[in-house]
Amino acid sequence: MMRMPTVGITCYPSQGGSGVVATELGLHLARRGCEVHFISSQLPFRLHGYDRNIIHHKVEMPRYPVFEHSPYTLSLATAMVDVAERYGLDLLHVHYAIPHAASAYLARQMMSPRPLPVITTLHGTDITLVGQEPSFFPITRFVIQQSDAVTAVSRFLKDETIRVFGVGQEIQVIPNFVDGRTFRPRPEHPLRDKFTAGGRCVLLHASNFREVKNLPAVIEVLAGLRPEQPVVLLLAGEGPELARIRELVHARGLDDRVEFLGHVDQLEEIMPVADVLLLPSWHESFGLVALEAMSCGVVPVATDRGGASEFIVDGHNGFLRGPDDVPGMVKVVSELIADPQLRSQVAEQARRDANGDFGVGCVVRRYLELYESLLPDLPG
Ligand code: GMT
């Protein structure tokens, strides 16, 4: 029997979907017997505690007076080679193309002739926004073409990658996943009483507060509800839009209906308190937070632009609306507030669907199969 591969994983360590997916994948691979080496600028934020199969390697970035900016991409490539040599990595799996796939390409060249297959997982804005900047476009295309395998988190993202970059090689769709034991309904949640006082329905938005998340629409949905509808909106996260959104909440006279929670490290601790998740982004290549909400039995009302429609079936396990269709979102949320039976019916379906094809077991197996296909000679 083949031994389990020794895997190097690189991701952004700060809050963001791609770092969450990479870290959770690493944790689950380690549980299945892989030795996993995280190589990144900081400890990924969901990686805490000791695991005998996981080692984190911090990328050192020397300061030098000549450098205006320390060349992280080069330091990362050097760290990848160092870890590959010291621990006998079988492959590198990088999450988010820029600059991680470029560093991995360099590392593979430096290791040659010893093979070090590179898998690049595309997450979203690396293709839909950043990668299309003229200064990044050619190198993004190049590193995608040079990867030994490329995966995308949705069919939408795969199609976008082919359309925008005109790349010809195979891109495998391996969707994001959720662990139903961590993200689960908690009807007896100690915070529920605090937020549901007076029979209030709890709406939640959780993100990194960037423009693409379309936060003004979240506030306008709340403003569009009738004053007598009992509701509270929880806003979890922080980012560049936060100050503007605080002002908007105040200007719309909604201070007493909104709670700013700040950065929440472990979303699973607050998510089950909510009834409805609002995610009206201008686009989402996947929308992991909506899947996590579904697993907690929270009804998603999400953007119809991007990959969320690959796991949300409108009216069945959640709702899809255009990012500028505020009246449409208000209508759906009003119906959910007024009809607890509809809410629980959709929520139950959401929980079931999130833990089927998008459950951690199914998806981690698919990554392992991909690794094995690239390592036919892995010794026993
Ligand atoms: O936009 C974010 O929230 C962060 C970003 C990232 O790469 O860290 O998220 C992207 O990757 C997530 C994980 O695959 C997806 O669930 C998000 O939909 C995607 N964001 C966008 O496409 C805007």
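Analyst: A residue is called buried when its relative accessible area is under 20%, exposed when that area is over 50%, and partly exposed in between (1.4 Å probe, protein chains only). The model is predicted, so that local features need pLDDT of at least 70 and side-chain atom pairs count only at pLDDT 80 or more, while totals for chains, interfaces and linings use all residues. Residues are numbered from 1 along each chain as its sequence is written, and side-chain values use heavy atoms, with hydrogens and water left out.

Of the 380 residues of the protein, 57% are buried. The fold contains 13 helices and 13 strands, taken as DSSP runs (H or I of at least four residues for helices, E of at least two for strands) and numbered from the N terminus.

F183 counts as buried because its relative accessibility is 3%. Which residues does F183 contact, leaving aside its neighbours within four places in sequence? With contact meaning heavy atoms within 4.5 Å, the partners of F183 beyond those neighbours are R46, V178, L267, E268, M271, E292, S295, C296 and R351. The C-alpha atom of F183 is also 7.5 Å from that of A293, although 110 residues separate the two along the chain.

For the protein as a whole, 71% of the contacts with a separation of 6 or more join residues 24 or more positions apart. The C-alpha atoms fill a box of roughly 70 × 50 × 40 Å along the principal axes.
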